[in-house]
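Here is a briefing on one structure, arranged by topic. Please keep the sequence and the model in view while reading.

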Amino acid sequence: MKLHELTPTPGSKKRRMRVGRGDGSNWGGTAGRGHKGQKSRTGAAIRHHFEGGQTPTFRRIPKRGFNSGVKEVFTVVNVSTLSELFEAGAVVDENALRMAGVIGKSKAPLKILGNGEISKALTVKANKFSASAQSKIEAAGGKCETV
């Protein structure tokens with residue numbers, strides 16, 4: 001096969017519709033634009049949010065407050081999960097949780113939440129702890145280390 005022998009797949013190339021070429025073509029006269037009106041004229045462009053001169057929705061809605069747009073997203077793990085997976089005295093960090101299959105490849109910071117019970121003394125290293133998680137881990141004889 002050579003470059004000059006290449007051809008497109010049959011049916012993949014379609015000729016463009018040439019409108020306004022007489023009534024016999026079925027696209028003559030108004031050329032598919034209808035009769036009169038703004039959209040029938042050349043150069044007509046109506047903004048996608050234009051509502052015919054009525055005050056647009058985005059201007060009618062009250063605007064209050066401030067949304068930062070920068071939301072901190074965490075990979076969350078509950079205390080009950082730590083209690084099930086790790087032995088007493090273990091050091092629990094992101095790598096240990098990844099090896100245990102609890103968290104995936106997410107780059108989000110790790111946060112420990114206080115759902116469930118823990119009775120083992122674990123050293124937990126995470127970016128953040130909820131107040132209940134920290135109190136439960138420390139009550140079980142463990143340590144909470146913020147990374």
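The points below cover the sheets, the salt bridges, the surface patches and the backbone angles.

This is a predicted model, in which local features need pLDDT of at least 70 and side-chain atom pairs count only at pLDDT 80 or more, while totals for chains, interfaces and linings use all residues. Residues are numbered from 1 along each chain as its sequence is written, and side-chain values use heavy atoms, with hydrogens and water left out. Helices (H or I, at least four residues) and strands (E, at least two) are DSSP runs numbered from the N terminus. Buried means under 20% relative accessible area, exposed over 50%, and partly exposed in between (1.4 Å probe, protein chains only).

**Sheet 1-3-5**

- Three strands form an open sheet in the order 1-3-5, with parallel pairing; two strands pair if DSSP finds at least two bridges between them.
- Its edge strands are strand 1 and strand 5 (128–129), each of which pairs on one side only.
- Strand 1 and strand 3 run parallel and are joined by four bridges.
- In this pairing T75 stands opposite L110 in strand 3, and V76 stands opposite K111 in strand 3.

**Sheet 2-4-6**

- Another open sheet of three strands has the order 2-4-6, again with parallel pairing.
- Strand 2 (91–92) and strand 6 (143–146) stand at the edges with a single partner strand each, so one side of each has no neighbour in the sheet.
- Strand 2 runs parallel to strand 4 (residues 123–126), and two bridges join them.
- V92 stands opposite V124 in strand 4.
- As a general point, strands of a sheet pair through backbone hydrogen bonds, either parallel or antiparallel.

**Salt bridges**

- The whole structure holds four salt bridges, each defined as a side-chain nitrogen of Lys or Arg within 4 Å of a carboxyl oxygen of Asp or Glu.
- One of them joins the side chains of R60 and E51 at 2.8 Å, N to O. R60 is partly exposed at 46% relative accessibility, and E51 is partly exposed at 27%.
- E117 forms a salt bridge with K136, with the closest N and O atoms 3.9 Å apart. Because E117 lies in the loop between strand 3 (110–113) and strand 4, and K136 in helix 4 (residues 131–139), the pair ties together parts that are 19 residues apart in sequence.
- Within that pair, E117 is exposed at 60% relative accessible area, while K136 is partly exposed at 23%.
- The side chains of E145 and K143 also meet in a salt bridge, at 4.0 Å, N to O. E145 is partly exposed at 30% relative accessibility, and K143 is partly exposed at 48%.

**Surface patches**

- Patches are made of residues with over 30% relative accessible area and no salt bridge, joining like charges within 9 Å and nonpolar side chains (Val, Leu, Ile, Met, Phe, Trp, Tyr) within 5 Å.
- R15, R16, R18 and R21 form a positive surface patch. Lys and Arg count as positive and Asp and Glu as negative, with His and the chain ends not counted; the place of a charge is NZ of Lys, CZ of Arg, CG of Asp or CD of Glu.
- R21 is found in the segment before helix 1 (57–60) and is exposed at 53% relative accessibility.
- M1, L3 and L6 form a nonpolar surface patch, with about 440 Å² of accessible area together. Accessible areas come from the Shrake-Rupley method with a 1.4 Å probe, and for residues only the protein chains shown count as cover.
- L3 is placed in the segment before helix 1 and is exposed, with a relative accessible area of 75%.

**Backbone angles**

- Most residues other than glycine have a negative phi.
- N26, which is not a glycine, has a positive phi near 75°. N26 lies in the segment before helix 1 and is exposed at 67% relative accessible area.
- A31 is not a glycine either, and has a positive phi of about 55°. A31 lies in the segment before helix 1 and counts as buried at 18% relative accessibility.
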